[in-house]
Amino acid sequence: MRQHGWIGFLYLAGLLFTLPLQLMIGSPNGTVVHVRNLFEYHGDVQMIFILSLPVIASVFITRYIQSRPAADLYHSLPLRREHLLTAHLTSGLLLLIVPVWLTAAITALLSGRQDLDYLFTLSDVLSWAVTVTVITLFLYSFSLLVGMCTGQSIFQTVAVYAILFLPLLLAMLLTAHFNRYLYGYPERVVANPGIDFVSPLYRMIGIAQWPFGILELLIYAALAILFLGLSYFLYKKRSMESAGQAVAHTFFRPLFKVGMILCLMPVSGIYFDVQSNGKTGWLIAGYVLGVVAGYFVSEIILRKSWQIWSKKVAFELVVYGAGIGLLLYGSVSGITGYETRIPAAYSVSEVYMGDYFDRSNTEEENAFSRNPDYIAAVLSLQREIVRERPPEYSVDSSPVNYRSVAMFYRLKDGGTMYREYRIPEEQFRDELKTVMEFSDYKKSQYWLDKLNGTTAYAEISSSIAPNHRITVQNPADMRTLEQALLQDMEQLSYEEMTTSLIPETDISIYWDVPGSYREHRTQSYPVRRSFTHVQTWLNQTGYATSVQVDPEKMNMELVRLEGNSLANAASAWIGLEEEFARLKESNGAFTLESTEVKKQVLEHNSDFDSSTVDVAYLIRTKVGVDERYSVIYRKDMTPELEKALHGNTRPLE
């Protein structure tokens with residue numbers, strides 16, 4: 001205790017500095033903040049101490065079995081091994097647990113004080129103390145277990161963090177591997193709920209955003225107890241001669257080799273994959289190099305020598321490489337049936353479909369639909385996608401408008417199934433139109449269930465001049481706006497949902513997040529020409545005159561385009577502003593004079609999409625300090641508009 005007491009003092013100083021002291025200093029802007037959990041503030045600095053000191057303590061506590069002279073000395077004493085371990089274990093726990101609860105006690109004295117910027121309760125302090133205690137115990141016991149399996153203190157420290165991070169690294173490898181070779185596998189890691197939790201280390205780093213639940217704390221506490229029990233067992237089996245060896249037990253050496261291979265193989269594979277822009281040959285070469293490097297590094301560490309080559313080494317290398325290769329290939333082969341698996345309609349309880357997966361979507365019960373007709377429409381779309389299996393990128397580099405489609409099924413047997421596809425929109429237009437015009441789809445994509453009288457406020461702005469905006473907070477106006485939006489959104493067509501035409505007005509609705517303080521979510525609604533109820537509401541309340549810009553006050557310049565100059569600019573990452581200046585200098589620009597023609601342009605101009613390059617005009621619209629660049633596609637040109645543009649423009653001098 002006396003020898004390692006500095007660890008406890010350092011832990012206490014770190015926790016006091018990052019929690020009670022920071023709470024007393026106050027928030028940077030001096031505003032009063034209601035605390036959701038005590039990891040929110042300087043939680044990253046807290047984690048530096050919480051994730052490092054327990055491991056350091058365990059390394060120093062087990063130092064007596066890693067050093068040969070110390071091991072000989074301690075094991076020559078008339079004490080049983082379990083007594084030695086218990087004494088060291090207890091001293092380490094006291095050095096770590098006492099600082100946590102001292103910090104909690106001091107922080108508790110600050111709770112409820114009105115002169116502090118941060119407001120929190122005793123339950124917040126208790127939750128913090130229990131969570132930190134469990135994390136500390138988990139890391140300490142796990143590091144102790146690793147110490148019983150190793151014979152070098154430095155190697156023990158590296159191994160602890162490598163093993164804790166390895167599950168996430170493997171999950172990322174498998175996700176990238178499945179996404180490349182399994183059609184329909186979700187591209188985004190966040191699509192897999194819980195992938196962030198496979199690595200205890202990564203999970204603890206994100207504790208401020210995702211606090212531990214009771215069940216999770218119980219699991220980590222149970223694991224800590226299990227690790228302590230295994231430590232006693234392995235300590236009894238440990239040979240004193242293993243001090244100084246990388247791996248103390250011979251039966252762990254194959255696991256060490258596999259672990260080293262699994263650490264280096266993903267890193268090597270991902271590096272070559274990125275550097276070669278996704279070429280399969282280089283990816284495989286990276287995997288092979290990672291396997292070879294991992295195996296040789298593990299052998300060098302185990303033997304403490306560069307002279308490791310032998311027939312046995314060559315044979316083992318082939319065996320390890322072939323085994324991992326078979327696992328990677330078998331997981332994406334047709335044997336699994338992953339790509340063609342489509343649930344039967346009768347087995348689906350509910351479905352969610354959108355552009356992508358998001359936890360905030362899939363965890364909302366209202367995001368799912370139980371409508372049998374909607375479920376059948378989504379299944380029909382998936383069957384057509386699987387049957388056609390279109391390329392996810394244009395084969396000949398021609399512009400194609402692609403859409404991401406994510407499907408999440410909850411099955412009646414309690415299982416789940418989700419797929420994500422990238423499909424050419426025009427090829428599946430009929431199936432997409434059928435699905436997207438269901439009210440179930442609109443409800444989940446536009447959060448229509450939130451328009452139920454509980455929204456907080458709305459922001460209404462001009463699409464052309466965003467600085468022309470107002471905030472609506474009047475409860476009566478908010479309720480009528482909600483009803484108007486619901487009525488118009490129910491009639492929204494597929495064409496309006498997919499159009500790139502710029503609306504005259506945008507409405508952003510904000511609502512409170514349950515269980516939070518001053519936190520809001522938002523959903524934007526472009527006001528289309530078919531939104532008769534919203535337009536009527538805007539006119540009746542007078543908000544229309546506050547946000548809508550008179551075309552007469554707009555300075556509208558345009559350049560006529562020939563060929564695919566905008567597509568070339570997009571491929572070279574050149575912005576519309578820069579391209580407009582170049583075209584204006586080379587081809588000349590025109591300014592619109594007629595207010596009526598400006599109105600026609602506003603009805604037909606669109607945001608630029610690099611997949612649709614058949615552009616007739618590039619437009620710059622200025623209203624005061626606001627400046628916006630847009631285009632008119634040839635498909636949106638009408639004879640009347642073409643005639644009006646030719647007859648109501650003048651060249652800029």
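Helix H11 covers residues 253–275, and at 1.5 Å a residue its 23 residues should span 33 Å, which agrees with the 33 Å between its end C-alpha atoms; the expected span is taken as 1.5 Å times one less than the number of residues. The model is predicted, so local features need pLDDT of at least 70 and side-chain atom pairs count only at pLDDT 80 or more, while totals for chains, interfaces and linings use all residues. Residues are numbered from 1 along each chain as its sequence is written, and side-chain values use heavy atoms, with hydrogens and water left out. Helices (H or I, at least four residues) and strands (E, at least two) are DSSP runs, numbered from the N terminus.

Which residues of H11 are buried? They are Phe-256, Lys-257, Gly-259, Met-260, Ile-261, Met-265, Pro-266, Ser-268, Gly-269 and Asp-273, where buried means under 20% relative accessible area, exposed means over 50%, and partly exposed lies in between, with a 1.4 Å probe and protein chains only. An α-helix has 3.6 residues a turn, so residues three or four places apart point the same way. The cover over the buried residues of H11 includes helix H8 (153–181), helix H12 (280–303) and helix H13 (311–332), with contact meaning heavy atoms within 4.5 Å. Just after H11, Asn-277 takes a positive phi of about 55 degrees.

## The sheet E3-E4-E5

Three strands form an open sheet in the order E3-E4-E5, with antiparallel pairing; two strands pair if DSSP finds at least two bridges between them. Strand E3 (348–354) and strand E5 (416–424) stand at the edges with a single partner strand each, so one side of each is left without a neighbour in the sheet. From one strand to the next, the twist averages 15 degrees; axes are lines fitted to C-alpha atoms, for helices over the stretch in contact, and angles run from 0 to 180 degrees between N-to-C directions.

Strand E4 (residues 402–411) pairs with E5 in the antiparallel sense over nine bridges, and Met-407 stands opposite Arg-419 in E5. Helix H15 (residues 372–388) lies across E3, E4 and E5, running at about 65 degrees to E3. Helix H16 (residues 429–436) packs on the sheet as well, touching E3, E4 and E5, and its direction makes about 55 degrees with that of E4.

Strand E12 (residues 615–623) has eight of its nine residues buried, so it is largely enclosed by the rest of the structure. On strand E10 (residues 555–560), which pairs with E12 in the antiparallel sense over six bridges, Asn-555 has Lys-622 in E12 as its bridge partner.

E12 also pairs with strand E13 (residues 626–633), again in the antiparallel sense, over eight bridges. In E13, Tyr-629 is the bridge partner of Arg-620, and Ser-630 is the bridge partner of Ile-619. The hairpin of E12 and E13 has two residues between the strands, and there Gly-624 takes a positive phi near 65 degrees. E13 is mostly covered, with seven of its eight residues buried.

Not counting residues up to four places away in sequence, Thr-505 touches Ile-460, Ser-461, Ser-463, Tyr-525, Pro-526, Val-527, Val-547 and Gln-548.

## Aromatic rings and charges

A pair of aromatic rings is described by the distance of the centres and the angle of the planes. Rings of Phe, Tyr and Trp (its six-membered ring) pair if their centres lie within 6.5 Å, and planes under 30 degrees apart count as stacked, over 60 as edge-to-face and the rest as tilted. A search of the whole structure finds 22 aromatic pairs. One of them joins Tyr-295 and Phe-296 in an edge-to-face arrangement, 6.2 Å centre to centre with 80 degrees between the planes; Tyr-295 is buried at a relative accessible area of 0%, whereas Phe-296 is partly exposed at 22%. The rings of Trp-537 and Tyr-543 have their centres 5.3 Å apart and their planes at 40 degrees, so this pair is tilted. Trp-537 is buried, with a relative accessible area of 6%, and Tyr-543 is buried, with 17%.

Phe-138, Phe-142, Phe-212, Tyr-220 and Phe-227 form one aromatic cluster. A charge sits over a ring if NZ of Lys or CZ of Arg is within 6 Å of the ring centre and within 35 degrees of the ring normal. Arg-419 lies over the face of Tyr-338, at 3.6 Å from the ring centre, and Arg-422 lies over the face of Tyr-402, at 4.5 Å from the ring centre.
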